[in-house]
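Welcome! Here are a few exercises to work through with the model open beside you. Take a look at it first, then try each task before reading its solution.

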Amino acid sequence: MSAPTDSSRQERRFHGIGVSPGIARGTVFLHRADDELPAPRVVGEDEIPGEIARFEAALLATRAQILELQERIEQSIGAKDASIFDAHLLVVEDRTLIDEVLRMLQRDRRNVEHVFSEVAGRYAKTLGEIDDPYLRERALDIHDVMRRVIHNLLGKGGRDLGSLDSEHVLVAHNLTPSDTAQLNRSLVLGFATDIGSKVSHTAIMARSLNIPAVVGLHDVSEQLSRGDQVLLDGYNGVVIVNPSDQTLWEYGQLEIKKTEVEEQLNKLRETQSTTVDGRHVILSANIELPEDIEQVQLSGAEGVGLYRTEFFYLNRTELPSEEDQFQAYHKVAEAVRPHSVIIRTLDLGGDKFMSALNLPEELNPFLGWRAIRFCLERVDIFKTQLRAILRASVLGNVRMMYPMISGVDEVRRANRILEECREELRREGVAFDPEMEVGAMVEIPSAAVSADLLAREVDFFSIGTNDLIQYAIAVDRLNERISHLYEATHPAIIRLIRMVVEAGHANNLWVGVCGEMAGDVVLAPLLLGLGVDELSTGAALVPRVKRAVQALDLAACRQLLEDIRYEDSAANILRKCEDVARAHYPDLL
Ligand code: PEP
Ligand code: MG
């Protein structure tokens, strides 16, 4: 064996896409996806006792993790939710399953993770095919436990990211929005992934959680090892392993500069987002979970412009009840009062899945059975949410909007179901606000083009540019391979936004933007020039956008719109936006 060379300590840099600003320094924790199995391997007769011992240890570790998780859930949510894990405990103690694994191990002589995944997978498949909702649930339990056991067999510790107990920089091939929702924000200093994009929900969450993050780092998860020391630069999209003293000094200086800018921005908390010539633009924040509300209050936002309620459905084995949802919406509405919270109805699908719903796999999930399409068919699930929102509407300033609207028919159908819920509540004598504003998200080009027709059915529009861009230019928002084609300043995007604003205003509707464009200070002159009334972005970005709005004047923004009216290149339009931004707030760029 050769002695370790100095090169193992040399600084190495990996370049990707910075999706959440900030600098993190710490020890790497490598997270591998639960379904990554090593290649099957023939094991010798003499290895069998070792394989059995590994299997038994993994079952014991899994049992201990489930008990610990159960205890945590019982303390944080309640005994009823924690009892869901009783079924998981039964799986790790199931003698028939365990005996079959041991028999197959002796017979087939393959590594135990393969034998176990085959046996457990077969059990789950058989149960999943039975036409009985209870047994189908048990199939999901087996899958869940199976992932945990394999994880332990592979020596990766608990798969529950939320249970890590020391500070670390998380490195993974990919993180799903459900993984990200589990992160313990006080221990995850930053995260780095091989794949990903700026507008994935994982990146959006990183910004909400204020966790510096870099994605699109190709094979960083293969190159790094657990325990490596890294510096992660979320501003410039760089991960540096074994940073040299010189690098650490340079980053120290950068941090001092950034902290100064942050301190200046924090002073704006109590001020208004009004341009120098007196145009007030409502500046609100996007949240994913009720806990995010503290950050919103600190940011100086005027309420919540987008509450992505589907995050409440992720990482659960059962659908949230009407009461659970009511409590969450109430908490947010109360915290932001007198400002409003705009609750977006369930937007599951795309890159956000709830395992308990067992949704069929689709070839194009972003174009598939998601959001309002799903809700209009699963009226039971939709009504539970609508009733909870209506009940919360009397306890604060609550507005509601439907995601993924493609045309008038969907809004009418959704409104009919909403009316049924109002009727039910009236009959039950439950209070709600009959005047609650109901809006449509405009994030599909068909909705933007028919905004004049949609305007007759709703009280406001909120433009979801993240999806609008991906659908209008046909660029998958998650695919870093084509991320250079995902251009917010494409002339078609500007025209679509203009159509929506004009149709909204012609019908006395206010129009907001709640996609990531709203948080980009370079694009603020463009959106103001287009006449949007509200900008809603992650809480961490609110102070920057406020500073930008306060430095701008509407005349300059309108002039920008004139200057680009016949410009055909997205890059040139972006450059012109940058020119205006640099002239008004160079410190933010
Ligand atoms: C959008 O599409 O712009 C939006 C705000 O919704 P989401 O990012 O959750 O799809
Ligand atoms: Mg969207």
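**Exercise 1.** Is Met-404 buried or exposed?

*Solution.* This is a predicted model, in which local features need pLDDT of at least 70, side-chain atom pairs count only at pLDDT 80 or more, and totals for chains, interfaces and linings use all residues. Residues are numbered from 1 along each chain as its sequence is written, chains are lettered from A and ligands numbered from 1 in the order in which they are written, and side-chain values use heavy atoms, with hydrogens and water left out.

Step 1: find Met-404 in the loop between strand E12 (397-402) and helix H15 (408-428). Helices (H or I, at least four residues) and strands (E, at least two) are DSSP runs, numbered from the N terminus.

Step 2: check its accessibility. Met-404 has a relative accessible area of 0%, so it is buried (buried means under 20% relative accessible area, exposed over 50%, partly exposed in between, with a 1.4 Å probe and protein chains only).

Step 3: look at the backbone. Met-404 is not a glycine, yet its phi is positive, about 55 degrees.

**Exercise 2.** Where is Asn-210 found?

*Solution.* Step 1: go to the loop between helix H8 (201-209) and strand E6 (213-215), where Asn-210 is found.

Step 1: note that its phi is also positive, near 65 degrees.

Step 2: Asn-210 has 43% relative accessibility and therefore counts as partly exposed.

**Exercise 3.** Which residues coordinate the magnesium ion (ligand 2)?

*Solution.* Step 1: look for donors, that is, N, O and S atoms within 2.8 Å of the metal (3.2 Å for Na, K and Ca); water is not among the atoms, so sites may look incomplete. Glu-443 (OE) and Asp-467 (OD) coordinate the ion at 2.0 to 2.1 Å.

Step 1: Because Glu-443 sits in the loop between strand E13 (438-442) and helix H16 (445-449) and Asp-467 in helix H18 (residues 465-473), the pair ties together parts 24 residues apart in sequence.

Step 2: check burial. Glu-443 is buried at 2% relative accessibility, and Asp-467 is buried with a relative accessible area of 2%.

**Exercise 4.** Which peptide bond is cis, and what is its omega?

*Solution.* Step 1: go to Arg-337 and Pro-338, which are joined by a cis peptide bond with omega about 10 degrees.

**Exercise 5.** How many helices and strands does the protein have?

*Solution.* Step 1: the protein has 23 helices and 16 strands.

Step 1: of its 589 residues, 54% are buried.
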